[in-house]
Amino acid sequence: MNQTNQGVNVAEALRETVLAGLIALVVFGPIVGIVLEGYQFRIQPLRVAVLVGIVMAGRLLFSLFLQTRSGKALLRKFDGEGGGVYVREPGYRSRLRWILPLLLIAACLFPLFSTKYLLTVAILGLIYVLLGLGLNIVVGLAGLLDLGYVAFYAIGAYGLALGYQYLGLGFWSMLPIAALMAACAGALLGFPVLRMHGDYLAIVTLGFGEIIRLVLNNWLSFTGGPNGVSVPARPFSGWSLAAVRAKAACRSTSFSTLAITPT
């Protein structure tokens, strides 16, 4: 079969597939292929092979799809060459308008059906998404090379935990206070530093981040150092699937007892 007549470059698709497989091997190999068991580890090549195979198959199908008429039409929608700025007609409604409500519903239902591990991973992932969005404002929009951005994250996190430990304040009470603490730290650093640009600003902010890290790690009597510090209880404790099932089981048991109790 002639690939030119069909308009599909199989060699290019295979090249992209191999490249995607190598990237997947580098990414998933150490994470999934090595399982720690105490002070020893086991190598799981089968799991890595399955994930790499899934990535390669998906990349091959996607590359072949992009070379079809529908795929080229899809690429043209994302091609900004000569597009400029355009205005939608009045009354236009995006096809993606249902995504935000669906994501909100999924976020509300996810804690009910997820395990503690998945919930922890999701929370950490969303926290780092917020950090990335804030860093995009500082570096991407303002053009300031801030290398101590994570220090404000540490101030807010430790402020919330220490407020709970020493002041007895709960999660919702300390949440706005911790945000204000991080904002005040940013203002105190920003007033004398924002006149700097480029490498000088990077060096100063990097030093500020290192100072915060060293203080938090070495002030054992106040922050607990590397051992960490206690945190407030979950703000939505009880919103778990086990609790819901337990309540339903108790209610059904009570109804059954009333039904079989002789009068």
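This is a predicted model: local features need pLDDT of at least 70, side-chain atom pairs count only at pLDDT 80 or more; totals for chains, interfaces and linings use all residues.
Q: Where does α2 bend, and by how much?
A: From its first C-alpha to its last, α2 reaches 30 Å, close to the 33 Å expected at 1.5 Å a residue for its 23 residues. Still, α2 has a bend along the way. You will find it at leucine 25, and the angle is about 25°.

Q: Which residues of α8 are buried?
A: An α-helix has 3.6 residues a turn, so residues three or four places apart point the same way. With that in mind, have a look along α8, which spans 171-193. Its buried residues are Met174, Ala178, Ala182, Ala185, Leu189, Gly190 and Val193.

Q: How far does α8 reach, and what do its buried residues pack against?
A: Helix α8 has 23 residues, and at 1.5 Å a residue the expected span is 33 Å. The model comes close to this, with 32 Å from the first C-alpha of α8 to its last. As for packing, the buried residues of α8 lie against α7 and α9.

Q: Which element gives the largest share of the lining of the second largest pocket?
A: This pocket holds about 280 Å³ of space and is lined by 16 residues. The elements that give two or more residues to its lining are α7 (149-167), α8 (171-193) and α9 (199-218). The largest share, 8 residues, comes from α8.

Q: How many lining residues of the second largest pocket are nonpolar, polar and charged?
A: Nearest the centre of this pocket lie Asp146, Phe152, Gly186, Ala187 and Gly190. In this grouping Phe and Ala count as nonpolar, Asp as charged and Gly as polar. Over the whole lining, the classes come to 12 nonpolar, 3 polar and 1 charged.

Q: What share of the residues in the protein chain is buried?
A: Stepping back, the chain has 11 helices and 2 strands, in the order α-α-β-β-α-α-α-α-α-α-α-α-α. Among contacts between residues at least 6 apart in sequence, 57% join residues at least 24 apart. Of the 263 residues in the chain, the buried share is 19%.

How values were computed: Residues are numbered from 1 along each chain as its sequence is written. Side-chain values use heavy atoms; hydrogens and water are left out. On a 1 Å grid over the protein atoms alone, a cavity is a set of points where a 1.4 Å probe fits but cannot get out, and a pocket is an open set with protein on both sides within 12 Å along at least five of seven lines; lining residues have an atom within 4 Å of a point. Grid points are joined across faces, edges and corners, and a volume is the space filled by probe spheres set on the points. Helices (H or I, at least four residues) and strands (E, at least two) are DSSP runs, numbered from the N terminus. The expected span of a helix is 1.5 Å times one less than its number of residues. The bend at a residue is the angle between axes fitted to the seven residues ending there and the seven starting there. Buried means under 20% relative accessible area, exposed over 50%, partly exposed in between (1.4 Å probe, protein chains only). Contact means heavy atoms within 4.5 Å.
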